[in-house]
Amino acid sequence: MNTVLNITRSILGQPWRWRALETDTRDPGFAPDDLVTQLLLARGCPREDLEAHKAPSIRTFMPDPSIFRDMDKAAERLADAIAHKESVTVFGDYDVDGATSAALMILLLRDLGLEAKAYIPDRLIEGYGPSGAAMLRLKAEGADLIVTVDCGAQAFDALEAARDAGVDVIVVDHHKCTLALPHAHALVNPNRLDETDGAAHGHLAAVGVAFLLGAALIRVMRARGAFADTAEPRLLDLLDIVALGTVADVAQLRGLNRAFVAQGLKVMAQRRNIGLNALISASRLTRAPTAQDLGFALGPRINAGGRVGKSDLGVRLLTTREPQEAAAIAAELDRLNEERRAIEGIVQEAADALAGVAKERAVLVVAGRGWHAGVIGIVAGRLKEKYGRPAIVIALDENGIGKGSGRSISGVDLGAAVLSAKDSGLLVAGGGHAMAAGLTIAEDQLAAFGDFLETRLADAVTRSIGDRALLLDALLAPGGVTPALVEALDKGGPYGMGWPQPRIVAGPVRIIKAEIVGNGHVRVIIAGDDGRSLKAVAFRQADTSLGAALLGAPPHRRLWLAGRVKIDDWGAKPAAELHLDDAAWAD
């Protein structure tokens, strides 16, 4: 079974297994490059592709955009709009993927000589995706062409209304589709069921699909001679916002997405985008952003606009030409993010109480009146992590209509199940992808919806839980946890969904000091048999068996600690620390 240290049941009740071959970095022959190679192989990189994955480039991983259905048709229509100076509106979703997708299209069209407008629906008033009313309003305002990004793949009524009104719509999306597709001038989505070669790129976020459309558009414009007397736009300069949208949407960081993020971080470090530069400053980052910063610092602030503020703040920030406006929007997003945290805490407490009652269900479905719909996705993610199963959190309004957001676990396709529930008449609306979904439901259908998910997904959840193990990459003595190790591990990145961050085992160790800090975090100072000490933190674990073990460990008992190595740069000298995922008794 490839068990690590014969640990079949840890303090959190799970077996520990090697992700690939066992590596003991206490071996004096250990070299960082050896570890990087193992990290890549363990994450599914073919041996013959090692060099390409060590330095992922757009040139290596970029497909021909024309392999996607409707891509060339969409590019030709956009080129016509540019040539005829048509009025174009980009209709985006209110999350980070939607904001970055819309910003990419607007910035590229601007560079091509066309000033497009942005329209982002209000999460609470309008809900997700285009509506017929919105399409007609945009047409009345003069729109000749509407480009929907990160939405539209299932907007049958809205696109029908647009067609009847005589306005063309291009859909750029990545969400699950049914066999039937809405009427659109072009619908570009690698997750169309009739997609062929493009289906291999179904893991792209919408901003990645928008980037490919941008490449196709530039190629069409080039063929038409548009750049005979003017410079061709540098699409690669927009990779910073592609990276942000990709990581924030928790897209799998494999293939082209790895190149998007690796190269996008390099562009972001140059701080060319005025809005991103302001957001980095507002996030109090004093170094070049990492992939983790995109997901935990920058992304949440962009999201805060759509969750508890004005839905268009993210697009406005990413497309502004004015540093003063950028600074003001970034400050507002930072403030809204703090407000979002407070609201999230209230909803989290209420949802957690309901989830505790229903925790034996395969899929947790909790609903409450007065919950803020802007934070339900975050709360669903917290419940999923705590209970180890898919979770859906639903905010009910005064009319008994619920807006829901769900997060899933590996091997359980929640988006497909929600689509099926909608087709069965249980939902007013719904869709998503494997790991996340959104829905609208009447209150009197909640019980039936929960039973539907139980029947459809129970076996998949059982298999996923049964296969669950903590996967580990390396074994070290505490003295081996150093900044140099962090640097070596980073060479296997960028890390994220589908390309997991390395997890190491350190030990055996004794707990020298343990305390609760912050919002239920447990911080410990540990010492190993090699005489070296190390700081470790178990986030949000104070009320779990792991927290209890760390806080109550007797001085004579030793533990193995499993987690991810990070740099603590708060002190005068950067030091490595361990962010814990689990622990096991060593004796």
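Visitor: Before we get to the strands, when do two strands pair?
Guide: Two strands pair if DSSP finds at least two bridges between them. Keep in mind that this is a predicted model.

Visitor: OK. How many bridges join β9 to β11?
Guide: Seven bridges link β9, residues 401-407, with β11, residues 436-442. The two strands run antiparallel.

Visitor: Which residue of β11 is the bridge partner of G406?
Guide: A437 is the partner of G406.

Visitor: What order do the strands of that open sheet come in?
Guide: The order is β7-β8-β9-β11-β10, five strands with mixed pairing. From one strand to the next, the twist averages 15 degrees.

Visitor: Which strands stand at the edges?
Guide: β7 (364-369) and β10 (429-433) do. Each has a single partner strand, so one side of each is left without a neighbour in the sheet.

Visitor: Switching to helices. How do α8 and α9 cross?
Guide: The axes of α8 (residues 206-223) and α9 (residues 239-248) come within 8 Å and cross at roughly 150 degrees. Angles over 145 degrees count as roughly antiparallel, and α8 and α9 are therefore roughly antiparallel to each other.

Visitor: Which residues make the contact?
Guide: On α8 they are V207, G208 and F211. On α9 they are L239, I241, V242, G245 and T246.

Visitor: How many of those are nonpolar, polar or charged?
Guide: In the contact of α8 with α9, five residues are nonpolar, three are polar and none is charged.

Visitor: New topic, R19. Where does it lie?
Guide: R19 is in the loop between β1 (16-18) and α1 (32-42).

Visitor: Is R19 buried or exposed?
Guide: R19 counts as buried, because its relative accessibility is 17% and the cut-off for buried is under 20%.

Visitor: What does the side chain of R19 reach?
Guide: The R19 side chain reaches the backbone oxygen of L471 at 3.4 Å. Setting aside neighbours within four places in sequence, R19 is in contact with A42, R43, L471, L472, D473, P500, Q501 and R503.

Visitor: And R340, where is that one?
Guide: R340 is in helix α14, residues 323-357. R340 counts as buried, at 7% relative accessibility.

Visitor: Which side chain does R340 join in a polar contact?
Guide: That of E344, with a polar contact of 2.4 Å between the side chains of R340 and E344.

Visitor: What else does R340 touch, not counting residues up to four places away in sequence?
Guide: With those left out, R340 touches P300, R307, V308, V375 and I378.

Technical notes: Residues numbered from 1 in each chain as written. Predicted model: local features only at pLDDT ≥ 70, side-chain atom pairs only at ≥ 80, totals over all residues. Heavy atoms only, no water. Axes fitted to C-alpha atoms, helices over the stretch in contact; angles between N-to-C directions. Helix = DSSP H or I, 4+ residues; strand = E, 2+ residues; numbered from the N terminus. Parallel < 35°, antiparallel > 145°, perpendicular 65-115°, else oblique. Contact = heavy atoms within 4.5 Å. Nonpolar A, V, L, I, M, F, W, Y, C, P; charged D, E, K, R; others polar. Buried < 20%, exposed > 50% of the residue type's maximum accessible area, 1.4 Å probe, protein only. Polar contact = N/O pair within 3.5 Å; in protein donor to acceptor, adjacent residues only side chain to side chain.
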